[in-house]
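Here is a short briefing on a protein model. Look at the sequence and the structure first, then read the points below.

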Amino acid sequence: MNCKTLDPLVTPYVDGELDAANRAEVDAHLRVCPPCHSRVAAERNVKELLQTRKAVFQQQGAPPALRAKCAGIAGTAGFKARTAARPAQSSTWRTRLTPYALAASLVVIVGGAFLYELTDRSVRVLAAELTADHVKCFGLNRLLGTHEAASVVEGSIGSSFAWPLHLPEGPERAGLELVGARPCLYGEGRIAHIMYRHNGHPVSVFMLPKTSRAEALVDVMGHEAAVWSIGDRTFVLIAREPRGEVERMASFVHAGLR
């Protein structure tokens, strides 16, 4: 199985409708193909989002804004599928990433249009948007294989946000391995995104400057998000792990991040 033959099987795979033989083939491909693995994760998140609002969806239908955005994505998908057929582009990493990027976009659109009341005070809106970034950025990282040292992360994030960042020392004591960092867009500004792996599983720590929120722990899109603030900076740790593990990681990062 390759990425092309997997494509029509993604939805029935996520819905649990494949027979044992096809499911085993998909599982085998996902273990060795990070872009397809990330695409399936994003589509599974969309399914979970829609299921939580199934009753409202059946009674009221999709909001016009959601219909328009999904139609736009469908048009983009068709265009990308046609251009991806060209030999010059079919082997590029951007072409391979296209289906995943569309699925990740749906996470944001569906989350915003259906799942939560859109107020700037809602911690669930914040967590949903950052979870979509978490999935997207780790999908890119798996594809590109980037890895940065602590000194590089501290220098780049510190200079970008005028923040004298010092990462927690001895992250291995908490089962954490630093992957890297990047700035992400959020609202009308930028936020810092520090990426770890916890026993091999993706973990994100976001820093939102010039904002303060109450401490919280919420379940969103199959992930746990721990939120806390220090001064005028808000931190959000996101991972798809048991709540107790997320609480322990958040406590370690909270105590050591300066």
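This is a predicted model: local features need pLDDT of at least 70, side-chain atom pairs count only at pLDDT 80 or more; totals for chains, interfaces and linings use all residues.

A search of the whole structure finds two aromatic pairs. Trp163, Trp228 and Phe235 make up one aromatic cluster.

**The aromatic cluster**

- A pair of aromatic rings is described by the distance of the centres and the angle of the planes.
- Trp163 pairs with Phe235, and this pair is tilted. The ring centres are 5.8 Å apart, and the planes are at 55° to each other.
- Where do the two partners lie? Trp163 is in the loop between α10 (150-161) and β1 (176-186), and Phe235 is in strand β6 (residues 233-239). The pair therefore ties together parts that are 72 residues apart in sequence.
- Trp228 and Phe235 form a stacked pair. Here the centres are 5.8 Å apart, with 15° between the planes.
- Why does this pair count as stacked? Its planes are 15° apart, and planes under 30 degrees apart count as stacked.
- Trp228 is buried at 4%.

**Charges over rings**

- The charged end of Arg23 sits over the ring of Tyr13. The distance to the ring centre is 4.2 Å.
- Arg190 lies over the face of Phe161. Here the distance to the ring centre is 5.3 Å.

**His134**

- His134 belongs to helix α9, which covers residues 123-144.
- His134 has a relative accessible area of 4%. Buried means under 20%, so His134 counts as buried.
- What does the side chain of His134 make with the side chain of Ser204? The two side chains make a polar contact, at 2.6 Å.
- Setting aside neighbours within four places in sequence, His134 has contacts that include His193, Pro202, Val203 and Phe206. His223 and Ile238 are also among them.

**Val246**

- Val246 sits in helix α11, which spans residues 243-256.
- Val246 is buried, and its relative accessible area is 0%.
- Which residues does Val246 touch, not counting those up to four places away in sequence? They are Leu217, Glu224, Ala226, Leu237, Ala239 and Glu241.
- Val246 and His198 are 48 residues apart along the chain. Their C-alpha atoms are separated by 9.9 Å.

Definitions and conventions
Residues are numbered from 1 along each chain as its sequence is written. Side-chain values use heavy atoms; hydrogens and water are left out. Helices (H or I, at least four residues) and strands (E, at least two) are DSSP runs, numbered from the N terminus. Buried means under 20% relative accessible area, exposed over 50%, partly exposed in between (1.4 Å probe, protein chains only). Contact means heavy atoms within 4.5 Å. A polar contact is a pair of N or O atoms within 3.5 Å; within protein, one must be able to donate a hydrogen and the other to accept it, and residues adjacent in sequence count only if both atoms are side-chain atoms. Rings of Phe, Tyr and Trp (its six-membered ring) pair if their centres lie within 6.5 Å; planes under 30 degrees apart count as stacked, over 60 as edge-to-face and the rest as tilted. A charge sits over a ring if NZ of Lys or CZ of Arg is within 6 Å of the ring centre and within 35 degrees of the ring normal.
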